[in-house]
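Please look over the sequence and the model, then read the notes grouped by topic.

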Amino acid sequence: MNLSPEVERRVEGELAGGQYRDVNQFFDTAVRYFLDQNERNRERLQALRRVGQAVDDAGLYERVLVPSQE
């Protein structure tokens with residue numbers, strides 16, 4: 001694996017902190033966190049799309065956010 005010098009320095013700093021047994025545990029933890037965050041972000045986006053669809057279906061956007069043409 002080729003890491004930029006900055007990332008390599010940061011990983012070494014994390015390993016020196018003693019929270020991880022070795023580089024494998026560090027990367028396993030990092031990848032799991034990354035994948036979990038991506039899944040949460042997908043779920044949030046789906047929820048926002050459902051909310052947006054409900055707002056559209058109820059006509060709330062037009063009633064609340066679009067200025068009246070009266």
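**Briefing on the chain**

Arg-21 is found in the loop that lies between α1 and α2. The model described here is predicted. Its secondary structure comes to three helices and zero strands, and from the N terminus on the elements run α-α-α.

- Arg-21 counts as exposed because its relative accessibility is 70%, and the cut-off for exposed is over 50%.
- Along the chain, Arg-21 and Ala-47 are 26 residues apart, and their C-alpha atoms are separated by 38 Å.

**Overall shape and surface**

- The C-alpha trace of the chain spans about 65 × 20 × 20 Å along its principal axes.
- The radius of gyration of the chain is 23 Å, whereas a compact globule of 70 residues would have one near 11 Å.
- Of the 70 residues in the chain, 6% are buried.
- The chain has an accessible surface of about 6400 Å², and carbon and sulfur atoms account for 52% of that surface.

**Helix α1**

- Helix α1 covers residues 5-16, which is twelve residues.
- At 1.5 Å a residue, helix α1 should span 16 Å, and this agrees with its end C-alpha atoms, which are 16 Å apart.
- Gly-18 follows α1 and has a positive phi, near 85 degrees.

**Charges and salt bridges**

- Arg-10 and Glu-6 form a salt bridge through their side chains, at 3.8 Å from N to O.
- Both Arg-10 and Glu-6 belong to helix α1, where they are four residues apart, about one turn of the helix.
- An α-helix has 3.6 residues a turn, so residues three or four places apart point the same way.
- Arg-10 has a relative accessibility of 54% and therefore counts as exposed.

- Helix α2 covers residues 23-58, and within it Asp-28 and Arg-32 are four residues apart, so about one helical turn separates them.
- The side chains of Asp-28 and Arg-32 meet in a salt bridge with an N to O distance of 2.9 Å.
- Asp-28, with a relative accessible area of 39%, is partly exposed, whereas Arg-32, at 53% relative accessibility, counts as exposed.
- Glu-39 and Arg-42 also lie in helix α2, three residues apart, which is about one turn of the helix.
- A salt bridge joins the side chains of Glu-39 and Arg-42, at 3.0 Å from N to O.
- Glu-39 is partly exposed, with a relative accessible area of 38%, and Arg-42 counts as partly exposed at 45% relative accessibility.

How values were computed: Residues are numbered from 1 along each chain as its sequence is written. This is a predicted model: local features need pLDDT of at least 70, side-chain atom pairs count only at pLDDT 80 or more; totals for chains, interfaces and linings use all residues. Side-chain values use heavy atoms; hydrogens and water are left out. Helices (H or I, at least four residues) and strands (E, at least two) are DSSP runs, numbered from the N terminus. The expected span of a helix is 1.5 Å times one less than its number of residues. The radius of gyration is taken over C-alpha atoms; the globule rule is 2.2 Å times the number of residues to the power 0.38. Buried means under 20% relative accessible area, exposed over 50%, partly exposed in between (1.4 Å probe, protein chains only). Accessible areas come from the Shrake-Rupley method with a 1.4 Å probe; for residues, only the protein chains shown count as cover. A salt bridge is a side-chain nitrogen of Lys or Arg within 4 Å of a carboxyl oxygen of Asp or Glu.
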